[in-house]
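Please look at the sequence and the model together while reading.

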Amino acid sequence: MEWRHRNLLDIQDLTAAEIEFVLQTALPMKDLLTRPLKKLPTLRGKSMALMFYENSTRTRTSFETAAKILGADVTIFSVAQSSVNKGESLYDTAKTLQAMKIDLVVIRHAGSGAAAFLAQQLKAGVINGGDGEHAHPTQALLDFFTLKEKLGGLAGKKIVIVGDILHSRVARSNVLGLKKLGAEVVLVGPPTLLPPEMGYLGVKTSYDLDRELPGADAVMALRLQLERQARGLFPSVREYHRLYGLTKERLGKTVKETIVLHPGPINRGVEIASDLADSACSVIEEQVTNGVAVRMALIYLMMGGGSSRVVD
Amino acid sequence: MLWIKNAHLLDPVNRISGRGSLLVRGGRIVKVVVGEELTAAAVLALLGCSDLAEVSVVDGAGKYLFPGLIDAHVHLREPGQEEKEEIKSGARAAARGGFTSILAMANTRPVIDTRALVEYVRLQGERAGKARVYPVAAVTKGLAGQELTEMVDLKAGGAVAFSDDGKGIQSAEVMRLALEYAKLTGCPVISHCEDENLAGAGVIRKGETSARLGLRGIPASAESVMVARDALLAKETGGRLHLAHISTKESVRVIRAAKEAGIDLTAEVNPHHLIFADEDVPLTGTSYKVNPPLPSREDQAALLEGLLDGTIDLLATDHAPHTWEEKAKPFAEAPFGINGLETALAAVWQELVAKGKLKPERLIELWAVNPARRFGLPGGTLAEGALADLVLFDPEWREVVTAETRESKSHNTPFLGKELQGFPVMVWVGGKLVVKDRKVLP
């Protein structure tokens, strides 16, 4: 398959076949990660910029590791160190990156649409590393990789996503992709975090986790931003955990072997009980490893698979 | 002196509709004749003049001649934010868009809350010498929503209405007092209905589109609960209330009921709320970012119904210029506002009038007659003796909206780069020609 995308802004932009192609490409990448010498010359001479306007050790490090293993040069612009703090607009930052002839840019930004905005300004490719509450396509891809690896495939599998659906770019990108891959998705959360308009995703929504668990092949817990309590979106961590927190006992209701995913970082004892997070059902650490592999695959494909395409 | 002939004259107040002639002398309309051709001799006699060379003769064949439109909701940004718009550029843009009078909102820097500032706005409008500029003064000092302004003095300086537009008055008690005190002036209080608690950090209407784009939603109730509050306060106080930029079906329902109850209130709708819906908003389309946010299709249907059945009284642009730099940002960071003066009439004509949804007569009522009445302004009529504020409108004129041809200092419109059909080709203010062949005269 020829890779035809200059950017990856939203999982919605990929066909099922393209998603599968990325996941296939990630398989040998994951093998590479287990080698004693983790360095390839494939992308030597290519340059990549990571622009992180939101704190994210996990995603940033994952992209950085992926790019370095493939031999690309990586520049990290983090808000604390760059001229962004001096009031430079995203537009001007984009112009600067353009002038530096960078080949690929990863952006993480609190504003929905920031990645699309940057892509409009740049000739370089743009990977959306998470924009506001809109999309997080690489997280979705690594989740698909993990699910496929553990469940053998996705078609017909029941995936329950539980938590703050309204504010979650992870949930949005996962649902859109999982639908393409033929999985059955159920969204669960309290009405304040799962309002009727989330029906746009076209999957089942429910306020009752216990009722949705039977038959689930995988349960994905979302991180609960604790400051949402101050906005009145949920009354207490105690009640949230009682209704939507994952525990070993509750997971038993699936009546089958079920894996637990979480995009991290986890709030132990809030969306997931500590002992469950560290149990054999949990694939949370595996997700991190797979994140590097999937991002390697994506960077490799977007850089032209080692071709000599030049950004001018 | 001026003789406009062969145009389709339109004036719903005086029930004028038909091909005819209109004569102007001394800045006023002296004669309107429909259904018969005037001879040059007759024109000279009517104008009391001996030589046709002293009369400008305009052939309006194929065009409409309206009373100049009056836009009750314009942000001119001067003083303080002249990079976005100035009174002069705004008054020129207004004229080019077919408006011979505009009401300039008070949310400038500083806020128009003292008589000196009201007079400044009025005088700058006079200096510009294009569309008439009527100042709207603030309801509360500094738009802080707490202490009332010196409304009587502000009116003496030229204010025609009071509004904290740009911000809703959050305190019901302050709004109640404003409606009471403004009775001293006879001027309406214009309410920007927005409950800040409900609106929160929203940037687009709450619904499936906000969910899909991952943008914070503003619920329809953020507007409609305040519409209901203000209608009840107007009833209780007997004050005169005008509701700016109504955008929800619930608001329309409340206004309809309030009018049935005999409450003294009027309401306006902005063209962009009739033409674009939330589902049309692209994720990077900050020119569609406006407050109140673009509504649902259902809301649009209710707004149009309200325009037709008299629930809604006015069309108004809510012309809100912003610079390119401010809008060239991710959606949540860009300011709210659509630049409307130069495109609004064309857009409404193309999307509503040409499609048979709105009669030209009703358009004139909504955009000239009713604003003149509500705010006590001259204009809005072709009556003999009235000011010659006139628009010659060509329904066939097609034009691509480009930054180069525009008079406004900003170009934050979803129509930029797009073609519209139906534009004013000539505009007169007090009998003086200000726009000719789509160009504003120096």
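What radius of gyration would a compact globule with 442 residues have, and what does chain B have? A compact globule with 442 residues would have a radius of gyration near 22 Å, and chain B agrees with this at 21 Å. The radius of gyration is taken over C-alpha atoms, and the globule rule is 2.2 Å times the number of residues to the power 0.38.

This is a predicted model, in which local features need pLDDT of at least 70 and side-chain atom pairs count only at pLDDT 80 or more, while totals for chains, interfaces and linings use all residues. Residues are numbered from 1 along each chain as its sequence is written, and chains are lettered from A and ligands numbered from 1 in the order in which they are written.

**The two chains**

Chain A has eleven helices and nine strands. Its radius of gyration is 19 Å, close to the 20 Å of the globule rule for 312 residues, so chain A is as compact as a globular protein of that length. Chain B has 14 helices and 19 strands. Helices (H or I, at least four residues) and strands (E, at least two) are DSSP runs, numbered from the N terminus.

The C-alpha traces span these lengths along their principal axes:

| Chain | Span of the C-alpha trace |
|---|---|
| chain A | about 55 × 40 × 35 Å |
| chain B | about 65 × 45 × 40 Å |

In chain A, 49% of the 312 residues count as buried; in chain B, buried residues make up 60% of the 442. A residue is buried if 20 or more other C-beta atoms, placed from the backbone, lie within 10 Å of its own.

**A sheet in chain B**

Chain B holds an open sheet of eight strands with parallel pairing, in the order β6-β7-β8-β9-β10-β13-β14-β15. At its edges stand β6 (69-74) and β15 (314-315) of chain B, each with a single partner strand, so one side of each has no neighbour in the sheet. Two strands pair if DSSP finds at least two bridges between them. Strands β10 (residues 189-191) and β13 (residues 241-243) of chain B run parallel and are joined by three bridges. Within this pair, Ser191(B) is opposite Leu243(B).

**Where the chains touch**

The contact takes 20 residues from chain A and 17 residues from chain B. Residues are in contact if their C-beta atoms, placed from the backbone, lie within 7 Å. On the side of chain A that touches chain B, α4(A) gives the most, with four residues.

Note on methods
Buried ≥ 20, exposed ≤ 12 C-beta atoms within 10 Å, placed from the backbone. Contact = placed C-beta atoms within 7 Å.
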